[in-house]
Amino acid sequence: MHIPHLHDWTVTPREAIALQKQLAGQLVLDRPLDLSAIRHVAGVDVSVREGLSRAAVVVLSFPDLQVVETVLADAPTPFPYVPGLLTFREGPVLEEAFARLETEPDAFIFDGAGCAHPRGIGIASHMGLWLGRPSVGCAKTRLTGWSAGPGPSQGEVAALLARPPTSAEPAPPCIGAVLRTRANVAPVYVSPGHLIDQASAVALVSACLSRFRLPEPVRAAHRAAALTAASQPAFPGL
């Protein structure tokens, strides 16, 4: 899969923040996605262990969710852990993995945030700009925002707001959704990344669920990306 190289990854944290602010204005977050036109959806995850990163992109058929292709890429981790700057830690190895794809997915679901991010551009949004395809963030924990939370039943959804409501601002901007994927199990945080709207992001994640908390594409990518001591590649000088 050919993707354009939008910018250099060798930046300082200060430069990374400035770049995020610049790129956030390019995001398209109001485009409905026609699920009936989707044939392949990819899950994306990265594992980091002892200075090494492994990216996994797993393509599943849709809507039957059968694995079609799995690609991996390994590289030294190039950026420190800084909350809100995950893309600069994982982006380089993801770029390598995306380039190895033979199947071109119609949409991507990332283990991470979309626009539900302090500067409105989490990893699903940032890499969505590189990919030029609809992308969705499906995070296991809340990075930012406020929510009253969904009810306990499977399928219940609550708005993720930019900040708590107040008398001065009773309806803060909605930046995502909190989705209960299994009854009485911790929810996931779904937000549009790029080229998709909020309702479509929730619909796509919901359509990719089975009996587990995480959608199947993300579960498959998480398993594929797992780094153990035995699986770590050797890099000269490390």
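These legends describe close-up views of a predicted model.

Residues are numbered from 1 along each chain as its sequence is written, and side-chain values use heavy atoms, with hydrogens and water left out. In this predicted model, local features need pLDDT of at least 70 and side-chain atom pairs count only at pLDDT 80 or more, while totals for chains, interfaces and linings use all residues.

**View 1. Confidence along the chain.** The mean pLDDT (the predictor's confidence in each residue, from 0 to 100) is 94 for the chain. A value of 70 or more is reached by 95% of its residues. Over residues 234-238 the pLDDT is below 50. Beyond near neighbours in sequence, this stretch has 6 contacts in the model (heavy atoms within 4.5 Å). Where pLDDT is low, predicted coordinates should not be read in detail.

**View 2. The largest pocket.** A pocket is an open set of points on a 1 Å grid over the protein atoms alone, with protein on both sides within 12 Å along at least five of seven lines. Lining residues have an atom within 4 Å of a point. The volume, about 490 Å³, is the space filled by probe spheres set on the points, which are joined across faces, edges and corners. The lining holds 24 residues. L86, D111, G112, A113 and T141 lie nearest the centre. Strand 1 (40-49) and helix 2 are the elements that give two or more residues. Helix 2 gives the most, with 3 residues. Helices (H or I, at least four residues) and strands (E, at least two) are DSSP runs, numbered from the N terminus. The lining divides into 11 nonpolar, 8 polar and 5 charged residues. Here Ala, Val, Leu, Ile, Met, Phe, Trp, Tyr, Cys and Pro count as nonpolar, Asp, Glu, Lys and Arg as charged, and the others, Gly among them, as polar.

View 3. A cavity is a set of grid points where a 1.4 Å probe fits but cannot get out. The count comes to 1 cavity of 30 Å³ or more.

**View 4. Helix 2 against helix 3.** Helix 2 (residues 86-99) packs on helix 3 (residues 123-131) at an angle of about 35°, with axes 10 Å apart. Helix 2 contributes L86, T87, F88, E90, G91, L94, E95 and F98 to the contact. Helix 3 contributes I123, H126, M127, W130 and L131. The contact residues divide into 8 nonpolar, 3 polar and 2 charged.

**View 5. Backbone features in two loops.** F62 and P63 are joined by a cis peptide bond, with omega about 15°. P63 sits in the loop between strand 2 (52-61) and strand 3 (67-76). E50 has a positive phi of about 50°, although not a glycine. E50 is placed in the loop between strand 1 and strand 2.

**View 6. Surroundings of Q198.** Q198 lies in helix 4 (residues 198-207). Leaving aside neighbours within four places in sequence, Q198 contacts L29, I175, G176, A177, V190, S191 and P192.

Definitions and conventions: Axes fitted to C-alpha atoms, helices over the stretch in contact; angles between N-to-C directions.
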